[in-house]
Amino acid sequence: MNEGIRELLKQIPSMEILLSQPWVTAYEEKVGRPAVKGVFSDIIGEIRKSLLEGSTPTIDIDRICIEAKTRLSRHSSRSLKPVVNATGVVIHTNLGRSCLCASAVEAVMECSSAYSTLEYDLSTGERGHRNSHVEWLLCQVTGADAAVVVNNNAGAVILSLAALGSGREAIVSRGELVEIGGSFRIPDIMSISGTRLVEVGTTNRTHLEDYARAVTEDTSLILKVHPSNFRVVGFRSEAAREDLAALAREKDLVFMEDLGSGFLLDAEAFGLRGESSVRDCVLAGVDLVTFSGDKMLGGPQAGVIAGRSQIVERLRKHPLMRALRPDKMTLAALEATLRKVLEGNSREIPTLAMISAQPEGLLQKARQVSRQLKKKFPDFSFSTTTVQDAVGGGSYPEIPLPGFAVAISHPVFSSGHLQKRLRESEFPVIASAREGVVLLHVRTLRDGDVARIGSALRGISSGTGVASDGAS
Ligand SMILES: *Cc1c(COP(=O)(O)O)cnc(C)c1O
């Protein structure tokens with residue numbers, strides 16, 4: 001090591017000096033002394049490393065302290081927190097997909113802050129089954145004979161394939177070998193579950209005969225997968241569910257469908273033409289349907305498997321079931337959400353209410369929000385505009401959801417800057433932008449969000465925390 005580097009290394013302040021800075025105490029109270037120490041030693045380590053690699057960073061206690069404060073303040077404030085979704089994307093996977101309905105939130109609070117009947121049968125005083133709280137409800141709303149719930153739909157597909165097709169073959173159309181985002185790829189899922197993938201047909205056309213010809217002694221199932229946000233339009237065709245069901249019956253195979261979103265109601269009534277509900281699949285003869293709890297069901301993250309009882313029974317006994325079982329908060333929320341569907345009050349489920357919101361109502365809301373904000377923030381301009389909203393969650397990409405937004409602009413700040421400031425406010429507001437204006441899509445706004453947007457704008461116009469970056 002050369003003399004120069006040795007000298008510079010000596011200039012790095014000692015841990016003792018760093019820890020004795022007066023501001024440190026506040027962070028120690030929040031995250032503990034070892035964590036504060038850890039942050040300092042990371043920073044020192046980084047300086048040392050860059051010195052040894054030949055660069056010459058300025059070694060300055062103030063700069064080390066600023067960096068440490070930035071990191072500590074990030075670690076000591078709440079990380080997973082609510083935001084205002086002003087994107088108009090209803091099932092926004094990055095923003096947590098579905099918001100729970102009020103009764104689901106209440107059920108989660110009650111069952112998680114107290115002991116519960118999670119696996120306890122009150123009539124016998126003996127051990128019960130966690131699935132029992134939702135199975136009957138799921139059968140009512142899907143028309144299936146039996147159902148089990150796991151952690152998420154990816155888990156539902158893995159469990160089903162592992163229990164029914166491990167070491168054997170499953171036939172899938174090439175048009176359905178999709179990646180669904182968040183790294184859910186059908187071929188990978190099949191290999192994890194030990195099922196051999198047999199591809200049939202082409203990307204745009206797969207016929208019943210393609211499936212029939214692929215059946216061998218090793219075939220255990222026919223798998224149909226909802227292509228989610230992928231669409232082939234034009235010259236395309238797929239085998240009808242009824243025909244695949246008949247083929248499966250004739251060859252003694254299981255016919256399984258990964259439906260993804262899993263709509264439980266009459267899709268047409270929600271303006272979702274051409275989509276099959278879970279019940280449609282069951283009626284068409286699908287033996288096992290899997291779908292997510294937090295997409296079109298509007299409940300908690302979960303994977304539902306509904307189907308023929310003999311087949312569901314095989315899943316219940318599989319060792320993976322234990323690894324994928326849902327927790328009590330999920331089950332409490334799912335039960336409450338399913339009760340809303342069964343009662344016919346599905347519009348109390350936020351996801352369904354947002355998806356079925358009509359343009360006239362949205363326009364009215366946009367005008368009202370715009371008026372309210374205009375009064376309070378004269379330095380910004382507000383107007384209403386039409387926008388394209390989306391179901392999201394990889395669901396129903398081609399279904400147009402015409403929406404309305406409040407367009408915000410500022411004489412000094414760019415839309416990118418405004419978006420950033422909204423995002424970084426105390427209660428973060430996630431908005432979209434177009435041609436220099438920020439757009440607040442009103443479809444996905446919740447009660448109280450206008451006041452939250454107001455505080456965020458107040459922060460921007462009063463300049464709190466902007467000083468350094470000004471207009472950009
Ligand atoms: C969303 C989706 C999945 C993954 O579901 P998760 O609940 O996110 O695990 C799997 N298959 C299809 C067709 C989907 O749309």
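Which strands does helix 8 (residues 153-165) lie across, and at about what angle does helix 8 run to strand 10? In this predicted model, where local features need pLDDT of at least 70, side-chain atom pairs count only at pLDDT 80 or more, and totals for chains, interfaces and linings use all residues, helix 8 lies across strands 5, 8, 9, 10 and 11 and runs at about 155° to strand 10. Residues are numbered from 1 along each chain as its sequence is written, and side-chain values use heavy atoms, with hydrogens and water left out. Helices (H or I, at least four residues) and strands (E, at least two) are DSSP runs numbered from the N terminus; axes are lines fitted to C-alpha atoms, for helices over the stretch in contact, with angles from 0 to 180 degrees between N-to-C directions.

The sheet itself is open, with 7 strands in the order 5-11-10-9-8-6-7 and mixed pairing, two strands being paired if DSSP finds at least two bridges between them. Strand 5 and strand 7 (196-200) form the edges, each pairing on one side only. On average, neighbouring strands are turned by 25° against each other, direction ignored. Strand 8 (residues 219-225) and strand 9 (residues 254-260) run parallel and are joined by 5 bridges, with Ile 222 having Phe 255 in strand 9 as its bridge partner. Helix 13 (residues 309-316) also packs on the sheet, touching strands 5, 9, 10 and 11, and its direction makes about 30° with that of strand 5.

Strand 5 (residues 146-150) pairs with strand 11 in the antiparallel sense over 5 bridges, and Val 148 stands opposite Ile 305. Strand 10 (residues 288-292) likewise pairs with strand 11 in the antiparallel sense over 5 bridges; here Leu 288 has Gly 307 as its bridge partner.

Turning to another region, Thr 444 sits in the loop between strand 15 (437-441) and helix 19 (449-461). Thr 444 is buried, with a relative accessible area of 1%. Its contacts (heavy atoms within 4.5 Å), leaving aside neighbours within four places in sequence, include Ala 86, Val 90, Met 354 and Asp 449. The side chain of Thr 444 reaches the backbone oxygen of Asn 85 at 2.7 Å and the backbone nitrogen of Gly 88 at 3.1 Å.

Notes:
Buried < 20%, exposed > 50% of the residue type's maximum accessible area, 1.4 Å probe, protein only. Polar contact = N/O pair within 3.5 Å; in protein donor to acceptor, adjacent residues only side chain to side chain.
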